[in-house]
Amino acid sequence: NGVADTDFILYVVGKECSANAAAGGDGIYAYAGPCEYDQFVRPTVGYMVVCLDDVGEVPLSAEDTQKNTYVQTHELTRLLGFSMDLLEYYTDITTNEVYGATE
């Protein structure tokens, strides 16, 4: 039945991505995607891959810290449901009508 008292589970992994053709090769800083949804098509489980070869040299410069914060926030926001792919499933809580319903 899942994890008690939990709304969202995020799995994060760091790996080398430059040679990974599935990840798009060079220039990819991170990528993410949902794994499971609830009955309202809200993501409940997701994954994020942080491309270690594009993180920067440790200790991170202010510029690299800002870039990594932006990239990971962007990916997390998408995982929490702010995604063009999910817009059609958003539900108006006052009417229970799905915004993207056309029938």
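Trainee: How many salt bridges does the count come to?
Mentor: This is a predicted model, where local features need pLDDT of at least 70, side-chain atom pairs count only at pLDDT 80 or more, and totals for chains, interfaces and linings use all residues. Residues are numbered from 1 along each chain as its sequence is written, and side-chain values use heavy atoms, leaving out hydrogens and water. A salt bridge needs a side-chain nitrogen of Lys or Arg within 4 Å of a carboxyl oxygen of Asp or Glu. By this rule the count is two.

Trainee: Which residue forms a salt bridge with Arg-42?
Mentor: Arg-42 is partly exposed, at 47% relative accessibility. The scale is relative accessible area: buried is under 20%, exposed over 50%, partly exposed in between (1.4 Å probe, protein chains only). The closest N and O atoms of the salt bridge are 2.8 Å apart, and the partner of Arg-42 is Asp-38.

Trainee: Which side chain meets Glu-75 in a salt bridge?
Mentor: Glu-75 is buried, at 7% relative accessible area. The N to O distance is 3.2 Å, and the partner is Arg-78.

Trainee: Is Arg-78 buried or partly exposed?
Mentor: The cut-off for buried is under 20%. Arg-78 has a relative accessible area of 36%, so Arg-78 is partly exposed.

Trainee: Which side chain of opposite charge is nearest to Asp-64?
Mentor: Asp-64 sits in helix α1, residues 62-79. Lys and Arg count as positive, Asp and Glu as negative; His and the chain ends are not counted. Asp-64 is buried and has no salt bridge. The nearest side chain of opposite charge is 4.1 Å away and belongs to Lys-67.

Trainee: Which residues does Asp-64 touch, not counting those up to four places away in sequence?
Mentor: Contact means heavy atoms within 4.5 Å. With residues up to four places away set aside, Asp-64 touches Val-55, Gly-56 and Glu-57.

Trainee: How far apart are the end C-alpha atoms of α1?
Mentor: Helices (H or I, at least four residues) and strands (E, at least two) are DSSP runs, numbered from the N terminus. The expected span of a helix is 1.5 Å times one less than its number of residues. The 18 residues of α1 should therefore span 26 Å, and the end C-alpha atoms agree, at 26 Å.

Trainee: Within what arc do the buried residues of α1 fall?
Mentor: The buried residues are Asp-64, Asn-68, Val-71, Glu-75 and Leu-79. Seen down the axis of α1, they line one face of the helix, because they fall within an arc (of the directions from the helix axis to the C-beta atoms) of 80°.

Trainee: What covers the buried residues of α1?
Mentor: On the other side of α1, Ala-62, Glu-63, Gln-66 and Tyr-70 are exposed. The cover over the buried residues includes β1, β2 and β3.

Trainee: In what order do the elements of the chain run?
Mentor: The chain has one helix and three strands. From the N terminus on, the order is β-β-β-α.

Trainee: In what sense do β1 and β3 pair?
Mentor: Two strands pair if DSSP finds at least two bridges between them. Leu-10 has Gly-46 in β3 as its bridge partner. Over seven bridges, the sense of pairing between β1 and β3 is parallel.

Trainee: In what sense do β2 and β3 pair?
Mentor: Pro-34 stands opposite Gly-46 in β3, and Gly-33 stands opposite Tyr-47. β2 (residues 30-37) and β3 (residues 43-51) pair over seven bridges, and the sense is antiparallel.

Trainee: Which residue in the turn between β2 and β3 has a positive phi?
Mentor: β2 and β3 form a hairpin with five residues between them. The phi is about 60°, and the residue is Val-41.

Trainee: How many of the nine residues of β3 are buried?
Mentor: Across the 103 residues of the chain, 25% count as buried. β3 is largely enclosed by the rest of the structure, because the buried count among its nine residues is seven.

Trainee: How far apart in space are Asp-7 and Thr-44, C-alpha to C-alpha?
Mentor: Asp-7 lies in the segment before β1 and is exposed, at 71% relative accessibility. Leaving aside neighbours within four places in sequence, Asp-7 is in contact with Pro-43 and Thr-44. Asp-7 and Thr-44 are 37 residues apart in sequence, and their C-alpha distance is 6.2 Å.
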